[in-house]
Amino acid sequence: MSAAPGFLDRRGWIWFLAIGVVLIVVVPLLNALPASGAAVRLPDYLIPLFGKYACYAILALSLDLIWGYAGILSLGHGAFFALGGYAMGMYLMRQIGTRGVYANAVLPDFMVFLNWKALPWYWYGFDHFAFAALMVVLVPGVFAFVFGWFAFRSRITGVYFSIITQALTYALLLAFFRNDMGFGGNNGLTDFKDILGFDVHEQSTRRALYITSVIAMGGVFLVCRAIVASKLGRVMLALRDSEARVRFLGYSAERAKLFGFTVSAVLAGIAGALYVPQVGIINPSEFSPANSIEIAIWVAVGGRGTLGGALVGAVAVNLAKSWLTGEVPEAWLFVLGGLFILVTLVFPHGLVGLAQQLKTMRRLLPAVGARKLAE
Amino acid sequence: MTSRSATPLLYLDGVTVSFDGFKALNGLSFVVERGGLRSVIGPNGAGKTTMMDVITGKTRPDEGKVFFDGTTDLTRLDESEIANLGIGRKFQKPTVFENLTVFENLELARKCPRGTWHTLLARLTGTQRDAIDRTLKTIGLTGREGALAGALSHGQKQWLEIGMLLIQDQQILLLDEPVAGMTDNETSLTAELILSLAGERTLIVVEHDMEFVRNLGARVTVLHEGSVLADGSIEHVQSQPAVIDVYLGR
């Protein structure tokens with residue numbers, strides 16, 4: 001009946017809950033219960049790795065929401081991810097306290113090294129988790145809102161929008177590289193000790209962070225699903241077909257886009273904040289333009305315009321990346337480029353659409369054969 | 001009340017639009033009465049579509065003003081604001097949302113608050129569904145509501161777009177070549193529909209098809225090189241030597 005997806009049906013909920021139980025209960029138990037070295041035990045290093053994938057999946061969902069549905073290709077989404085990550089990193093830095101190399105109770109090591117005497121004003125409040133958590137959503141959100149307000153009001157669309165988002169993330173990359181910005185320059189923020197009083201290096205903390213990331217992934221999936229199933233979601237789909245028609249129907253195309261873009265940036269920021277304590281570092285390389293392009297590739301490989309596709313793409317591409325960069329590191333970039341070409345030319349609906357495509361082909365092929373026979 | 005109904009609903013005053021030195025509209029002045037039906041004809045490049053672009057806010061004129069209901073200057077508003085004042089438009093090339101179903105196209109067009117939050121939280125009620133079903137019947141698409149609009153025939157897309165205008169419940173309907181690509185049967189049905197709406201709503205129909213314009217029997221305005229060349233009944237304008245020269249080519 002409906003071209004735009006509804007909210008989850010019964011089967012959808014069963015899948016959602018089943019996957020949730022496996023990821024939240026089974027995976028951590030497989031790591032925690034069996035004795036170290038047992039064959040069924042999930043190796044420790046896999047937990048933060050899976051946690052990282054969950055963060056990437058959130059990031060992919062956030063991009064798919066605006067690219068797959070409203071047709072806005074942001075190639076600067078890595079910037080919002082990194083901003084959320086820096087906000088979390090600043091909290092983690094303040095938790096180090098006197099355990100730093102210079103044992104300064106207030107100033108992070110890099111500030112002592114730069115001979116700074118006092119904490120810059122924009123670091124105030126980051127010793128409180130609640131404040132940092134607020135900044136994780138507020139900073140990317142406000143940033144995206146202001147940027148989007150100017151861009152959409154000036155009717156910047158399509159490839160021009162993609163290019164200025166690349167410029168945006170590149171500008172932030174250069175800014176965060178500077179030592180006098182007060183974010184640790186080239187080295188970024190690292191050497192974290194505690195999060196909420198728990199040692200980030202403890203396996204139990206890592207499991208908790210992993211579980212939190214998976215729950216966040218589920219939550220973000222439901223939020224995105226609710227948006228695309230709403231009437232606003234249909235307006236976003238309509239924007240992709242004919243922006244002019246949307247305007248002449250009396251909807252503000254700018255506001256619909258701004259809403260999607262801002263929500264998307266907030267979700268990306270949350271992904272970044274969950275990512276940082278699990279990898280133990282945030283530095284300006286997260287702003288690099290190539291990172292943002294990679295996100296678009298995950299979504300394209302999985303199948304854009306389907307939220308499940310974004311999840312599958314983020315996990316599949318990153319699994320391949322983890323494996324290949326270990327086995328044949330020099331091949332990875334070629335594989336990534338090749339994947340993008342393949343997705344564009346051969347299976348435009350991504351992995352999720354591939355199943356459907358194969359089914360259609362199998363149905364058509366015997367028909368072709370039969371016609372040949374008839375001739 | 002009397003003074004209100006005496007004000008023309010739409011008044012274009014000396015509107016000029018130029019694209020790279022070419023004047024698409026050249027001091028165009030034009031009055032449309034409330035509840036009127038007006039046909040606009042003219043050769044290619046006469047400025048018919050540009051005129052619609054100016055009224056609906058797509059193009060901002062270099063000079064001149066466009067008054068809606070006597071006081072509101074449309075040249076200061078954007079497309080969605082103008083649409084929300086009650087001016088609807090059908091494009092020359094049928095423009096529907098191809099990736100949405102017929103039903104969803106009408107759902108988005110249906111008159112209701114257009115705010116972003118409102119749209120996010122909107123749910124269709126039973127009466128609203130009935131209104132959509134009635135429109136489906138009017139445009140002859142009952143039973144096709146679940147089909148993707150992109151899968152419709154050309155004529156059906158034209159009708160869907162007209163249906164979207166109807167359910168949008170606008171005061172002024174601007175129809176740019178509503179019967180282009182329609183069969184004779186569809187064309188006469190469209191003429192009937194337009195005539196049934198006149199009086200209740202104000203319609204401006206841009207057309208190439210002279211037979212169709214004749215069937216509408218409405219007042220005709222002939223545009224040429226961005227300004228009005230002749231105005232009056234179809235018989236009157238067809239007898240004007242200037243019109244014969246530039247448009248009818250006889």
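This is a predicted model: local features need pLDDT of at least 70, side-chain atom pairs count only at pLDDT 80 or more; totals for chains, interfaces and linings use all residues.
H7 of chain B covers residues 154-168, 15 residues in total. From its first C-alpha to its last, H7(B) reaches 21 Å, close to the 21 Å expected at 1.5 Å a residue. Of the 15 residues of H7(B), 14 are buried, so this helix is largely enclosed by the rest of the structure.

Chain B also touches chain A. Here, 23 residues of chain B are in contact with 24 residues of chain A. On the chain B side, the elements that give two or more residues are helix H3 (79-85), helix H4 (102-109) and helix H5 (116-121). H3(B) gives the most, with 4 residues. Sorted by class, this side of chain B has 10 polar, 8 nonpolar and 5 charged residues.

Turning to chain A as a whole, its secondary structure comprises 14 helices and 4 strands. The C-alpha trace of chain A spans about 85 × 60 × 40 Å along its principal axes. A compact globule with 375 residues would have a radius of gyration near 21 Å, and the 22 Å of chain A agrees with this. Buried residues make up 42% of the 375 residues in chain A. Among the contacts in chain A with a separation of 6 or more, 77% are accounted for by residues 24 or more positions apart.

Notes. Residues are numbered from 1 along each chain as its sequence is written. Chains are lettered from A and ligands numbered from 1 in the order in which they are written. The expected span of a helix is 1.5 Å times one less than its number of residues. A residue is buried if 20 or more other C-beta atoms lie within 10 Å of its own, exposed if 12 or fewer, and partly exposed in between; C-beta atoms are placed from the backbone. Two residues are in contact if their C-beta atoms, placed from the backbone, lie within 7 Å. Ala, Val, Leu, Ile, Met, Phe, Trp, Tyr, Cys and Pro count as nonpolar, Asp, Glu, Lys and Arg as charged, and the others, Gly among them, as polar. The radius of gyration is taken over C-alpha atoms; the globule rule is 2.2 Å times the number of residues to the power 0.38.
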